[in-house]
Amino acid sequence: MGAVPSTPRWGGAELSQDTAEYLIGTFVGDKTFPLNSDYWQKLLELPFDLHWPAHRVQQACQAFARNNCSTRHLAKLLIHLTWCLQASLSTPDVQSVASMKVVNASYIASVFLKYSIEDLKSENLEDLNLSLDEDEAVQNDIRKDESIINMVMHAVLSYIGRVDISPKTYLLHHELLNFMLIAMSTQLLSGPSPGPNDVHPFIDAAMSEESSLVGLVVRKLLLNYITRPRTSSSASYTLLSEENRLGVLKRVGSAAANIVLLPLSYFVSSSVEASRSQLADSSINILLILIHYRKCILVESVKNSISGVTSESLLKEETYFAENRYCKALENVRDVEFDRVDIEGNAHTGSLVRLSFASLFDTLGMCLGDETAVLLLYALVHGNSDFLEYVLVRTDIDTLLMPLLETLYDAPRRTSNQIYMVLIILLILSQDSSFNASIHKLILPSVPWYQERLLHQTSLGSLMVIILIRTVKYNMSKMRDVYLHTNCLATLANMAPHVHRLSSYASQRLVSLFDMLSRKYAKLAELKNDKMQMSDSEPKDDDKLPEDTSAELHIYTDFLRIVLEILNAILTYALPRNPEVIYAIMHRQEVFQPFRNHPRFNELLENIFSVLDFFNSRMDAQKLDGEWSVEKVLQVININCRFWRGDGMKMFTQLRFTYEQESHPEEFFIPYVWQLVISRSGFSFNLSSINLFPVELPVEVSVAATEANTDQNMQLNVKEVVESSV
């Protein structure tokens with residue numbers, strides 16, 4: 001820690017670096033200060049404008065880890081944070097000493113709590129030492145049996161939920177959201193499947209709050225995301241420091257980064273894009289963590305009959321999940337436009353969250369290039385029937401669909417999870433017939449991001465068909481994921497009966513999709529036949545190809561049948577409105593011929609060949625001088641569509657696919673959300689401590705080189721923060 005002054009110098013507007021180092025050194029040292037000591041006031045009122053390099057921060061954290069078990073300074077700091085928050089709640093619009101103390105307390109607590117969580121040597125979170133000693137004298141407003149964690153989380157959530165964002169409260173909100181993120185990061189220490197032995201005290205405390213406060217918090221987090229303040233964070237901080245000469249934020253742009261001589265890049269990276277609102281991003285991260293959390297509880301009969309059993313050995317039937325009030329609150333969000341009257345006259349239980357669906361819709365449309373926005377949209381359209389209905393009746397559905405389709409178009413540069421979530425959203429939307437009809441009425445003047453060819457005056461429905469088929473093609477060549485194939489084809493099948501004026505390019509791609517899948521099917525069938533002919537030879541122990549080939553052949557048989565059903569649905573229910581589809585089928589009619597007598601496909605091909613026979617005969621009846629042109633063929637098709645009666649067509653039951661969430665979605669969503677938090681938000685965490693998902697640990701290099709590079713990077717990062725904020 002280096003030398004500290006034996007006699008600290010207090011008082012005055014300007015406090016020396018020695019004083020600052022003394023106070024921090026005392027916090028992490030072995031000297032214990034009682035809860036009611038004046039030391040805490042002096043610590044939290046320090047107007048720091050200094051900076052420590054990374055190795056000094058590491059030394060401070062190591063000293064803290066050694067001594068906190070006896071000093072309990074972190075627990076005492078959290079109590080003071082609670083008291084300051086309670087004082088700030090009473091006068092939220094006033095820039096008070098208490099609010100500046102909250103900023104300091106939350107930041108100091110975040111840094112040392114994060115290190116403590118990362119440094120845990122076991123799953124016993126009691127090692128965080130977040131309780132007071134039995135002989136500690138406490139004030140009357142603290143009960144001995146009251147959890148400090150519950151107390152501080154209630155105070156933090158109360159402030160976030162009840163106090164509006166303003167220039168005077170912006171920084172405080174920002175630091176409290178950072179504190180929540182750190183406090184809930186205990187999830188990173190557990191495995192991907194929540195078990196009854198998992199202990200996450202801070203997030204469990206948040207889950208125990210009353211529904212009314214939960215609703216306020218969900219509403220505020222959504223509002224933070226929707227409004228995305230235009231004022232940059234640095235401007236807000238500057239306003240704070242100009243209005244209040246407490247000196248906490250002397251250096252412009254340093255914000256809470258250097259309040260306690262600690263570098264911003266120690267626990268929040270400075271590489272996050274400056275144009276994004278940190279408060280909005282923090283809010284959506286916190287919301288996603290809260291709504292996807294699952295508290296696993298043992299069934300009472302099992303709890304009484306076993307002891308010392310690990311989470312891994314328990315069957316899922318022996319556990320259940322406690323209700324998540326944040327998830328429930330999000331599902332019950334209602335449009336503020338319908339705040340005055342409940343149209344159906346229903347009585348609502350609990351407190352409803354109300355906000356502008358229009359603002360939420362527009363914000364999502366602007367942000368869907370980011371995976372967190374996709375996750376929020378999924379949570380809303382899957383769980384909130386009111387918001388789904390609102391989306392479906394919007395006439396500008398392209399606001400959401402265009403960025404989603406662009407994500408699929410850009411699949412090679414996207415994560416597989418992001419592609420899955422986009423496809424699920426499209427599948428959910430395609431379950432509505434009005435959606436399937438409306439997307440063909442919305443004409444796009446151009447699609448600038450589509451590079452393969454110029455798409456001019458194309459309907460949104462045609463573009464959606466093109467992109468979904470393109471995704472299938474990409475999946476066949478790169479990812480080879482059956483689930484992705486199924487979702488694409490399911491969405492196309494839901495759309496098929498409502499197709500209207502499908503473009504020539506989309507129609508060609510639809511027939512090409514059958515051709516592509518049929519060639520894959522033919523290769524698999526040939527491979528299977530070859531293997532069967534070799535069955536007389538001695539089989540190898542590791543020769544699993546026949547079984548694998550049979551399974552894959554069965555899968556592609558189903559895929560081909562779905563594509564044929566898609567074509568059947570268009571020809572049966574929408575033939576007169578789709579001359580380009582008829583043209584595409586006639587132009588490539590040879591691709592259907594090999595399957596005409598196939599027992600698995602012949603019934604589905606009967607209608608296609610009935611259509612081909614009808615229009616081929618009309619073509620043959622035309623006396624034409626010269627060669628057929630595309631325009632002339634289409635003219636004949638358009639004329640004869642009027643005389644089409646569908647005689648002899650078989651009516652198949654319409655394919656209708658619906659999305660059903662997996663039985664244990666938490667095993668996907670919890671790791672996914674935290675991966676996004678770590679990779680996108682700038683929140684860093686000791687990779688070797690993460691058990692929630694697989695991580696690639698960096699290759700070890702010499703210690704000296706690492707420390708030198710780290711220190712240099714810290715200085716560069718801080719320099720960048722300051723320069724970008726001025």
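Phenylalanine 387 and tyrosine 390 are both buried in this predicted model. Their rings make a stacked aromatic pair, with 6.4 Å from centre to centre and 25° between the planes. The two sit 3 residues apart in helix α16 (residues 385-393), so about one helical turn separates them.

**Other aromatic pairs and clusters**
- The count of aromatic pairs comes to 28.
- Take tyrosine 378 and phenylalanine 669: their ring centres are 5.3 Å apart and the planes meet at 20°, so this pair is stacked too.
- That pair ties together distant parts of the chain, with tyrosine 378 in helix α15 and phenylalanine 669 in helix α27 (residues 666-680), 291 residues apart.
- Both tyrosine 378 and phenylalanine 669 are buried.
- One aromatic cluster is made up of Phe27, Phe33, Tyr39, Trp40, Phe64 and Phe112.

**Arginines over rings**
- Arginine 394 lies over the face of phenylalanine 361, 3.9 Å from the ring centre.
- Arginine 596 has its charged end over the ring of phenylalanine 609, at 3.9 Å from the centre.

**A buried glutamate**
- Glutamate 371 belongs to helix α15 (residues 371-383).
- Its relative accessible area is 2%, so glutamate 371 counts as buried.
- Leaving out residues up to four places away in sequence, glutamate 371 touches Thr415, Gln418, Tyr672, Leu676 and Arg680.

- Most residues other than glycine have a negative phi.
- Arginine 72 has a positive phi, near 55°, and lies in the loop between α3 (54-71) and α4 (73-90).
- With a relative accessible area of 14%, arginine 72 is buried.
- Arginine 501 also has a positive phi near 55°, in the loop between α21 (482-495) and α22 (504-533).

How values were computed: Residues are numbered from 1 along each chain as its sequence is written. This is a predicted model: local features need pLDDT of at least 70, side-chain atom pairs count only at pLDDT 80 or more; totals for chains, interfaces and linings use all residues. Side-chain values use heavy atoms; hydrogens and water are left out. Helices (H or I, at least four residues) and strands (E, at least two) are DSSP runs, numbered from the N terminus. Buried means under 20% relative accessible area, exposed over 50%, partly exposed in between (1.4 Å probe, protein chains only). Contact means heavy atoms within 4.5 Å. Rings of Phe, Tyr and Trp (its six-membered ring) pair if their centres lie within 6.5 Å; planes under 30 degrees apart count as stacked, over 60 as edge-to-face and the rest as tilted. A charge sits over a ring if NZ of Lys or CZ of Arg is within 6 Å of the ring centre and within 35 degrees of the ring normal.
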